[in-house]
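Let's take a friendly walk through the charged side chains of this model.

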Amino acid sequence: MSQAKKEALMSESFDNFVKDLQNKIFEQTRAEYGDVAFQRWLKPLYMGTMDNPDGYGRITGSCGDTIQMFLKFENGKVKSALFQTDGCGSSAVCGSFAAELALGKSPEEIFDISGESILKKLGNFPEEDKHCAFLSVEALQDAGNEYMVKQEKKKGERDKGMSLCCEDQ
């Protein structure tokens, strides 16, 4: 057998090994996480960063994962929500759902979103990874809180400006 033929067989064998291994990982992940989380694990939505967000939150959990949440508001509702994590796939899945649940919500409604509401949406999720849902919500609520603080500061500055301009009259 020629050297080229041996290399081609080895390459094909390696490719088949990798494909089989990937399929096993996918099957195991789908079984542990359920189909909803598995699909989001494959293709996380709302992942990214945002320049000049109206609200920003960043939380690092005791597990070491950090989740950042970026919110943009329009007419008092979340118009755009993105997340970023340096953590595991479970953090990405939960961050993705936290961002999704925030869309269209007022700052106050963001505080109605809980780790339990993310877990309910996921259906099946490994016990040891459930803390990721709560970590994601904490980052989301931190971003909502930052937005509300900024709004209060703006309101205070407007009120102060109004009182200064009107005192002269």
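Start at Asp-65, which sits in the loop between strand E1 (55-60) and strand E2 (66-74); strands here are DSSP runs of at least two residues, helices (H or I) are runs of at least four, and both are numbered from the N terminus. Please keep in mind that this is a predicted model, in which local features need pLDDT of at least 70 and side-chain atom pairs count only at pLDDT 80 or more, while totals for chains, interfaces and linings use all residues. Residues are numbered from 1 along each chain as its sequence is written, and side-chain values use heavy atoms, with hydrogens and water left out.

What surrounds Asp-65, leaving aside its neighbours within four places in sequence? Its contacts (heavy atoms within 4.5 Å) are Ile-59, Thr-60, Asp-86, Gly-87, Cys-88, Ser-91, Cys-132 and Leu-135. Asp-65 is buried and yet has no salt bridge, the nearest side chain of opposite charge being Arg-58, 11 Å away. Buried means under 20% relative accessible area, exposed means over 50%, and partly exposed lies in between, with a 1.4 Å probe and protein chains only. For charge, Lys and Arg count as positive and Asp and Glu as negative, whereas His and the chain ends are not counted. A salt bridge needs a side-chain nitrogen of Lys or Arg within 4 Å of a carboxyl oxygen of Asp or Glu.

Two polar partners of Asp-65 can be picked out. Its side chain makes a polar contact of 2.6 Å with the side chain of Ser-91, and a polar atom of the Asp-65 side chain lies 3.4 Å from the backbone nitrogen of Cys-88. A polar contact is a pair of N or O atoms within 3.5 Å; within protein, one must be able to donate a hydrogen and the other to accept it, and residues adjacent in sequence count only if both atoms are side-chain atoms.

Now for the pairs. Side chains of opposite charge can pair when their charged atoms come close. The count of salt bridges comes to seven. One of them joins Glu-109 and Lys-77, with the closest N and O atoms 3.5 Å apart. Glu-109 belongs to helix H3 (residues 107-110) and Lys-77 to strand E3 (residues 77-85), so this pair ties together parts that are 32 residues apart in sequence. Arg-30 and Asp-35 also meet in a salt bridge, at 2.4 Å from N to O. Arg-30 is partly exposed at 38%, and Asp-35 is partly exposed at 43%.

Lys-130 and Glu-127 form a further salt bridge, 3.2 Å from N to O. Finally, salt bridges with shared partners join Arg-40, Glu-100 and Lys-121 into one network.
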